[in-house]
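This report describes one protein model for a reader who has not seen it before. The sequence and the model come first, and the description follows.

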Amino acid sequence: MSVTIVPISLKAEDERGALHYFSTDRTGEFLLVYRNAGSVSGQHYHEGISAGKNPEDMLLVKGKASLHWKNLKTNEEQTVALIAPIRVLIQPNVWHELTAITDIVFIELNSLADGSEDTYRL
């Protein structure tokens, strides 16, 4: 599958708010990213050379966004709505663009070096 959307499980909720959980086998530096409503991120793809981008693993923790993607090998293309909290896994050779519908916060489970070594624009 080109892009996998996975709900982040709700563990508990009370008057203070909610507790969600997820697991990952990744370690090292991660990116905590804030984007303003209307901003566009991405507009690139990864070949999967960097382990941190194979697949790209992103946790949208706050807000609403739109993800447009196209598989460069199969030409499959789709736009999906994302509402936090949600996890998005983007496979190699999938061009992707994230548009913030509201102000958003997301975590990328990779470092800046992972991205700089394995990011390509059309």
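## Basis

The model is predicted. Residue numbers start from 1 along each chain, in the order in which its sequence is written.

## Nonpolar core

In soluble globular proteins, nonpolar side chains tend to be buried together. The largest nonpolar core of this model contains 18 residues. Within this core, the residues with the most contacts are L67, L82, V88 and L98. Several strands each supply at least two residues of the core: β4 (31-35), β6 (56-62), β7 (64-71), β8 (77-83), β9 (86-90), β10 (94-100) and β11 (104-108).

Which residues does L82 touch, not counting residues up to four places away in sequence? The list is I5, M58, L60, G63, K64, A65, L67, V88 and L98. Two of these partners, V88 and L98, are themselves named among the core residues with the most contacts.

F106 is found in strand β11. Is F106 buried or exposed? Its relative accessible area is 3%, and F106 is therefore counted as buried, the limit for that class being under 20%.

Leaving aside neighbours within four places in sequence, F106 is in contact with L31, L32, V33, R35, M58, L59, L60, V61 and L98.

## Largest pocket

The largest pocket holds about 340 Å³ of space. Its lining is made up of 23 residues, and those that lie nearest the centre are G42, H44, K53, E56 and E108. The elements that give two or more residues to this lining are β4, β5 (40-44), β6, β10, β11 and α1 (112-117).

## Backbone features

The bond from N54 to P55 is cis, with omega near 0 degrees, and P55 is found in the loop between β5 and β6. The bond from A84 to P85 is also cis, with omega near 0 degrees; P85 is found in the loop between β8 and β9.

Positive phi values are found at Q43 and N75, neither of which is a glycine. Phi of Q43 is near 60 degrees, and this residue is found in strand β5. Q43 has a relative accessible area of 38%, so it counts as partly exposed. For N75, phi is about 70 degrees, and its place is in the loop between β7 and β8. N75 counts as exposed because its relative accessible area is 52%, with the limit for that class being over 50%.

## Other contacts

G28 has its place in the loop between β3 (17-21) and β4. With 61% relative accessibility, G28 counts as exposed. How far apart are G28 and N110 in space, C-alpha to C-alpha? The distance is 7.6 Å, while the two residues are 82 residues apart in sequence.

Two features involve aromatic rings. K11 lies over the face of Y21, at 5.5 Å from the ring centre. The structure also holds 1 aromatic pair.

Notes:
This is a predicted model: local features need pLDDT of at least 70, side-chain atom pairs count only at pLDDT 80 or more; totals for chains, interfaces and linings use all residues. Side-chain values use heavy atoms; hydrogens and water are left out. Rings of Phe, Tyr and Trp (its six-membered ring) pair if their centres lie within 6.5 Å; planes under 30 degrees apart count as stacked, over 60 as edge-to-face and the rest as tilted. A charge sits over a ring if NZ of Lys or CZ of Arg is within 6 Å of the ring centre and within 35 degrees of the ring normal. A nonpolar core is a set of buried Ala, Val, Leu, Ile, Met, Phe, Trp, Tyr and Cys residues joined through side-chain atoms within 4.5 Å. Buried means under 20% relative accessible area, exposed over 50%, partly exposed in between (1.4 Å probe, protein chains only). Helices (H or I, at least four residues) and strands (E, at least two) are DSSP runs, numbered from the N terminus. Contact means heavy atoms within 4.5 Å. On a 1 Å grid over the protein atoms alone, a cavity is a set of points where a 1.4 Å probe fits but cannot get out, and a pocket is an open set with protein on both sides within 12 Å along at least five of seven lines; lining residues have an atom within 4 Å of a point. Grid points are joined across faces, edges and corners, and a volume is the space filled by probe spheres set on the points.
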